[in-house]
Amino acid sequence: MFVEPLGLRLPVKCFVHQRWTTEPLPAPPAIPAVNANPLLGYVRPATGGRLLAGLETPDRPEYQVPSSDFHQSELTVGPELGEELRNNLTPILPMLASTT
């Protein structure tokens, strides 16, 4: 990107880091960070008595960066992915079933 004036194009792949935080929970979660690879997600405690969870979506299409003035804020996350994450992780963290 920054070397385009030199006639070079570096391979850059942009992706959306798909993560969510819950609203504060009644009791702060006393869990370590958990990489739940078979469930395509991870979760860890976050500030304010919340949980931070992330979703892996291996089939997400690649976004072709059109120019060097591209900004990651142009990428979006489908609203259905939050529900998918909740469904994936609820078996190991039942508290997620009632969170928003």
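Analyst: The largest share of the lining of the second largest pocket, three residues, is contributed by α1. This is a predicted model, in which local features need pLDDT of at least 70 and side-chain atom pairs count only at pLDDT 80 or more, while totals for chains, interfaces and linings use all residues. Residues are numbered from 1 along each chain as its sequence is written, and side-chain values use heavy atoms, with hydrogens and water left out.

The lining consists of Trp-20, Thr-21, Thr-22, Leu-51, Ala-53, Gly-82, Leu-85, Arg-86, Leu-96, Thr-99 and Thr-100. Two or more of these residues come from each of β1 (19-21), β4 (50-55) and α1 (80-89). A pocket is an open set of points on a 1 Å grid over the protein atoms alone, where a 1.4 Å probe fits, with protein on both sides within 12 Å along at least five of seven lines; lining residues have an atom within 4 Å of a point. Helices (H or I, at least four residues) and strands (E, at least two) are DSSP runs, numbered from the N terminus.

The pocket holds about 190 Å³ of space, a volume being the space filled by probe spheres set on the points, which are joined across faces, edges and corners. By class, five lining residues are nonpolar, five polar and one charged; Ala, Val, Leu, Ile, Met, Phe, Trp, Tyr, Cys and Pro count as nonpolar, Asp, Glu, Lys and Arg as charged, and the others, Gly among them, as polar.

β1 and β4 run antiparallel and are joined by three bridges, pairing requiring at least two DSSP bridges. Arg-19 stands opposite Gly-54 in β4.
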